[in-house]
Amino acid sequence: MIHRFCLVALVLVLAGLASYAQVNSPSRPLTLLSSQGRQVLPTTLINGQEFVSLNNLAKLFAITVREDSLAGGITVSYQGNTILLSVEQPLASVNGRLVTLPAPLTHLENQAFVPIEFLSRALATVYDSKIELRTTSRLLLLGQVNVPRLTVTLQEQDSFTGLILELTPSISVSATTDASTITLTVEADGIDAELPMVGEGLVETLGLGNQPNTIVIDLQSVAGLPTTNITDGALSTLVTINVPLANASSTPSITPEQISQEPITPPSTSPISITSRAVLQTIVLDPGHGGEDIGAMGTRGTLEKQITLDIARRLKAMVESRLGIRVLLTRNEDRNVNLDERAAMANHSKADLFLSIHANASLSPELAGAEIFYLAIDREVEEARKTAVALSTSLPVVGGGSRSIDIIGWDMAQASHVENSAVLAGILETSLQGQIPLQPSAVKQAPLRVLVGANMPAVLIEIGYLTNPTQEELVSSSGFQASVTQALFSSILRFRQFLEDNQ
Ligand SMILES: [Zn+2]
């Protein structure tokens, strides 16, 4: 059960727009990867921001681009969807819904250019195939293509060095060794990594081979034949390469066989050149209700407040032990916490994600299935906020000068995160599909009080209906709770990936 309330619209003052001298240069092109193969998409750096030409996008994505000379903007049409772009504001209106871009539409030598984020933030939301921008590897993925992410770490032992390559999600890999060169062939369309890498000491180079799905590792100072061990985990595949070092003592205390049979700990030491930036350090889980507020109750007496706490505890244990992310609960006992306090706790702990967990109730006992909510915001508030952000929230004051003001009230903190919250909600839906029963359109927007003050991506999940006897039995079962926990865990991983790609 959730509490709803309405937001009060804010009216904001507009200030003039700053104009910049254009400085532009070509930048590394993107590679569009689809089931049709690979195509190059040139990019241009304008004022330090990466742009793509709309003409190029029109060809690659079958979109129609029309100049609106009156308004000075551009209309992009795709299968009945309309995206409006403005030269004045870093915004796109996608079927009337506003999304932010890092820069406005820009003209250069009679051609219109948009920031590359137009692809992931605007076009992707209406396109009939999945569009994913992977900026690290300069890949633009279209449709169902299989491109695992590669991270590389070094683990120093006494006389051996272990090179660990982690491919996420898990995937079939084969390895061949030729003297000091190891070639890995991955059953994928490409590999998401910033390659080539040049290592120190052990690894001379690590780069893509002559196929986009091969990785070639050239080793140096090798005293003996390296051993390669491939382990398939639930979430990723680990390739561990143990290399005897040239300057090691002649009687190593550990043999390569023993090393490769040891359980592999998640690689966390000595990254060569790719470091996973900690975009997700703290998560706040919010078990709904508590204490006198029991929430929903099933006919057999199942209490929402207990189910939500059980799942939150399971998820906390899983995320902390497997991902090393700090997880805080808004309550870890049977007590009520006021709704505003829940988001405030997340804000004070500088959480990067807020997940409120509930179970639903309805007067119709047949209602069933999980739902995922993120905040609905009044259109006026949203537009005012976006404009304020675009104008860098610095307003002129009487008598000259300007002052920076906190235009967005604390209670509106969620407004700046609604887009990422929507992404998170979509990821949750995908992860839950096939795991637990979902409502037909499971992702919904609502003005939820518990989310509005959260200054980070925030969603609320209703895991099922306790008022439906079948659902009540299901939701109370340990198997169901394990499935939900696993799906929420996968969502957190995917969302972290999304944040890293869109950093
Ligand atoms: Zn509830």
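Analyst: What follows goes through the strands, then the helices, then the loops. This is a predicted model, in which local features need pLDDT of at least 70 and side-chain atom pairs count only at pLDDT 80 or more, while totals for chains, interfaces and linings use all residues. Residues are numbered from 1 along each chain as its sequence is written.

User: Okay, what is the strand order in the open sheet of 5 strands?

Analyst: The order is E4-E5-E6-E7-E8, with antiparallel pairing; helices (H or I, at least four residues) and strands (E, at least two) are DSSP runs numbered from the N terminus, and two strands pair if DSSP finds at least two bridges between them. Strand E4 (64-68) and strand E8 (97-100) stand at the edges with a single partner strand each, so one side of each has no neighbour in the sheet. Neighbouring strands are turned by 25° against each other on average, direction ignored, where axes are lines fitted to C-alpha atoms, for helices over the stretch in contact, and angles run from 0 to 180 degrees between N-to-C directions.

User: And how many bridges link E6 and E7?

Analyst: Strand E6 (residues 81-85) and strand E7 (residues 91-94) pair in the antiparallel sense over 3 bridges, and the bridge partner of Ile83 in E7 is Val94. Helix H2 (residues 117-126) packs on this sheet, touching strand E5 (73-78), E6, E7 and E8, and the direction of H2 makes about 5° with that of E7. Contact here is taken between residues whose C-beta atoms, placed from the backbone, lie within 7 Å.

User: Switching to E18, which residues are on its covered face?

Analyst: Strand E18 (residues 214-219) has Ile215, Ile217 and Leu219 on the covered face, whereas Thr214, Val216 and Asp218 are on the uncovered one. In a regular strand the side chains alternate between the two faces of the sheet.

User: What does E18 pair with?

Analyst: E18 pairs in the antiparallel sense with strand E16 (residues 181-186) over 5 bridges, and 5 bridges also join E18 to strand E17 (residues 203-208), again antiparallel. Asp218 stands opposite Thr181 and also opposite Thr205, and a hairpin of 5 residues joins E17 to E18.

User: Now the helices: at what angle do H7 and H10 pack?

Analyst: Helix H7 (residues 418-432) and helix H10 (residues 478-501) pack at about 140°, with their axes 9 Å apart. H7 and H10 are therefore oblique to each other, given that angles under 35 degrees count as roughly parallel, over 145 as roughly antiparallel, 65 to 115 as roughly perpendicular and the rest as oblique.

User: Which residues make that contact?

Analyst: On H7 they are Val423, Leu424, Ile427, Leu428, Ser431 and Leu432, and on H10 they are Ala487, Ser490, Ser491, Arg494, Phe495 and Phe498.

User: Last topic, where is the cis peptide bond?

Analyst: A cis peptide bond joins Thr168 and Pro169, with omega about -5°, and Pro169 lies in the loop between strand E14 (160-168) and strand E15 (173-178).

User: Is Asn95, with its positive phi, buried or exposed?

Analyst: Asn95, in the loop between E7 and E8, has a phi of about 50° although it is not a glycine, and Asn95 counts as exposed because it has 11 C-beta neighbours inside 10 Å. By the cut-offs, a residue is buried if 20 or more other C-beta atoms, placed from the backbone, lie within 10 Å of its own, exposed if 12 or fewer, and partly exposed in between.

Notes: Two residues are in contact if their C-beta atoms, placed from the backbone, lie within 7 Å.
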